Amino acid sequence: MSKSLQAIRGMNDILPEQTPLWRYFEGTVARLLDNYGYKQIRMPIVEFTELFKRSIGEVTDIVEKEMYTFEDRNGDSLTLRPEGTAACVRAVLEHGITGGGQVQKLWYIGPMFRHERPQKGRYRQFHQIGLEVFNLDGPDIDAELITMTWRLWGELGIRDAVKLELNSLGTSESRGRYREALVEYLSAHHDKLDEDSQRRLKTNPLRVLDTKNADTQAVLVNAPKMADYLDDESRAHFEGLKARLDAVGIPYVLNPKLVRGLDYYSKTVFEWVTDKLGAQGTVCAGGRYDGLVEQMGGKPTTGVGFAMGIERLVLMLETLEQIPEEISRQVDVYLCAFGEEAELAGLALAERVRDQLPNLRLQVNAGAGSFKSQFKKADKSGALYALILGDDEMAQQVVGFKPLRGQGEQQSIAWDALAAHMATCVVQG
Ligand code: ATP
Ligand code: MG
């Protein structure tokens, strides 16, 4: 195929054989979010570039080198969203739905775009389910977010394969004091830092903690610890969160180097990580961002949220073989009809059955074909039963009801009784 007719590197088609697992995952998360009282919001995929610069921070990997930015026909600079929080904050401000301290518990799902090096678990178009809560500032809501994801891992059967890492970044004041101490320490070891970290030391020193460079990591071993600089309020908040996680029985590890890639976090930050996916180990990440809304021009409004990477979680379900059996079967019943008269009767019968059993996954054979070829298709469809309409069945106004997976003999069922019969024996998807 010529190059121009291929998908863009790092941007994937999700093929029909993969979508059942995606839908299972997305459906499980959506149901959980509904049950915890979160409401879905849908934002555009494209926003003004300025939005991301102002919210994510100029000196971050995303803004420095990962954004898909282009000029609109009228000269505006636009960007394909690299994450969801910025747009969500923009939307709640624009529509005034967090004004006067109104609590909002929101979630969203969709594609995000970052120009990174594509590899397993890391793509240029990827998908997130994210969540943001506004105007709740206690550790109770931080705990709810984490508890909900813990439940999700349990439902998906991957709880044993993920680990919760926690840290507190404190308020901007205490972070400021910590930053000073860190800069002093790192400046004394300037020559041992990698180039990126040397640059970050000047622009955004906390990000040095986030480095993947082994030499810099060695320097960091003796660096001042954020925990020693926490203000009393942040400390109490963090203790409150830990007490709640303990109460539910959710294990965690404290990771003082966890600072997250974006500038806007404060107090709680957390990541769910796994060792099942190689280098791309973070499946869900988030934290508190109490200053962001104000920084973006709103009234002081606290916020906390997270985002999970769908590709990585789907990959985990595949790797750990946690794929429920029922999702691979997409057809319950396959109707075969032989001859034109039977085809017409079959079509009408199928519609009557669908009226009565709206959840039944009933596939009607299309493209006619011999007895043998229709049966082959019925079997290949994965259906549990075939319905058969041939000359004999037409004459008697019955339909042959044939188990395809070895659950007994073929039966003849009167047309009028078909729906009632299937309601008793076909598990509907
Ligand atoms: P990483 O450290 O892996 O680059 P991040 O800190 O940049 O992650 P966030 O911005 O916090 O990631 O996004 C939340 C989640 O979205 C990540 O934990 C991950 O599961 C997923 N994610 C982020 N970037 C990508 C990507 N390029 N491809 C696939 N999933 C991604
Ligand atoms: Mg990243």
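This is a predicted model: local features need pLDDT of at least 70, side-chain atom pairs count only at pLDDT 80 or more; totals for chains, interfaces and linings use all residues.
Local features need pLDDT of at least 70 and side-chain atom pairs count only at pLDDT 80 or more, whereas totals for chains, interfaces and linings use all residues. Residues are numbered from 1 along each chain as its sequence is written, and side-chain values use heavy atoms, with hydrogens and water left out.

Of the 15 residues around ligand 1 (a heavy atom within 4 Å), Arg 114, Glu 116, Arg 122, Arg 260 and Thr 282 come nearest. Strands (DSSP runs of at least two residues, numbered from the N terminus) E6 (125–134), E10 (282–288) and E11 (303–309) each supply at least two residues of this shell, and the largest share, four residues, comes from E10. Among the polar contacts (N or O atoms within 3.5 Å), a polar side-chain atom of Glu 116 lies 2.6 Å from a nitrogen atom of ligand 1, while a side-chain N or O atom of Arg 312 lies 3.0 Å from an oxygen atom of ligand 1. Taken alone, ligand 1 exposes 590 Å² (Shrake-Rupley method, 1.4 Å probe), of which the protein buries 89%.

A search of the whole structure finds zero disulfides (cysteine sulfur atoms within 2.5 Å). Cys 88 is in no disulfide, the nearest cysteine sulfur being that of Cys 284, 15 Å away, which is too far for a bond.

How values were computed
Chains are lettered from A and ligands numbered from 1 in the order in which they are written. A polar contact is a pair of N or O atoms within 3.5 Å; within protein, one must be able to donate a hydrogen and the other to accept it, and residues adjacent in sequence count only if both atoms are side-chain atoms.
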